[in-house]
Amino acid sequence: MFPTDRLPEVAFLGRSNVGKSSLINALTGQKRLAFTSSTPGRTQAINFYRIDGAFYFVDLPGYGYARVPPAQLLEWKKLVEQYLEKRDTLKVSCLILDTRRGWMEKDLDLKRWLEYHGRPYLVIATKIDKLKQSDQERGLRAIREEGTEPLPFSAVTGRGVREIWQAIAKTLQTR
Ligand SMILES: Nc1nc2c(ncn2[C@@H]2O[C@H](COP(=O)(O)OP(=O)(O)OP(=O)(O)O)[C@@H](O)[C@H]2O)c(=O)[nH]1
Ligand SMILES: [Mg+2]
């Protein structure tokens, strides 16, 4: 089910509808590489996108969508935790937060989980275009309170694409 060519992988994690697939599309400059939707819970499986034959972007299904039946929630946990725990080609995860909402309970659970398992991660503060300047700064400050520096991003304006690429490239080089 997962690729076996052992290329390094970058995973995209976050709540349902936060903009994981949109970030992948913005980073690759391909509008429809990863399927995006205004219907939460669109990405249900783990999707691997091979980039330049050099590594994979891994689009994981979102969490925290209230209307998911319990059985499916368990499936999600099994699938995602199995991937995050065992996958030795995974180099870095991008934990994506909505700048308007900051850290929510499930995000903090995931952050602690990644830290406990020694998994390196970047924090992306997305949909920043939806906030006016002063609220952007307030949102970013709130995210910093958990001891991480967020990378501001907008799929609409393209803000942050270069900085996120630089951060990803750095983690791919050092491991
Ligand atoms: N304004 C704005 N809208 C965004 C941004 N990123 C994503 N969206 C919108 O948010 C919705 C969800 O985006 P997706 O990329 O499908 O989100 P996802 O996290 O992949 O969602 P699931 O796969 O369902 O978990 C879509 O309607 C996007 O157009 C952004 O930076 N700014
Ligand atoms: Mg998606």
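Which residues does threonine 89 touch, not counting residues up to four places away in sequence?

## Threonine 89

The answer is Arg6, Leu7, Pro8 and Glu9, where contact means heavy atoms within 4.5 Å. This is a predicted model, in which local features need pLDDT of at least 70, side-chain atom pairs count only at pLDDT 80 or more, and totals for chains, interfaces and linings use all residues. Residues are numbered from 1 along each chain as its sequence is written, and side-chain values use heavy atoms, leaving out hydrogens and water.

Threonine 89 sits in the loop between helix H2 (70–86) and strand E4 (90–98); helices (H or I, at least four residues) and strands (E, at least two) are DSSP runs, numbered from the N terminus. With a relative accessible area of 5%, threonine 89 is buried (under 20%, using a 1.4 Å probe and protein chains only).

## H1 against H5

Helix H1 (residues 20–28) packs on helix H5 (residues 161–173) at about 90 degrees, axes 10 Å apart. The axes are lines fitted to C-alpha atoms over the stretch in contact, with angles from 0 to 180 degrees between N-to-C directions. That makes H1 roughly perpendicular to H5 (65 to 115 degrees).

From H1, Leu23, Ala26 and Leu27 meet Val161, Ile164, Trp165 and Ile168 of H5.

## Aromatic rings

Phenylalanine 2 and phenylalanine 48 make a tilted aromatic pair, 5.4 Å centre to centre with 55 degrees between the planes (pairs need ring centres within 6.5 Å; tilted falls between stacked, under 30 degrees, and edge-to-face, over 60). Both phenylalanine 2 and phenylalanine 48 are buried. Ring pairs also link Phe2, Phe48, Tyr56 and Tyr83 into a cluster.

Notes:
Chains lettered and ligands numbered in written order. Buried < 20%, exposed > 50% of the residue type's maximum accessible area, 1.4 Å probe, protein only. Parallel < 35°, antiparallel > 145°, perpendicular 65-115°, else oblique. Phe/Tyr/Trp six-rings, centres within 6.5 Å; stacked < 30°, edge-to-face > 60°.
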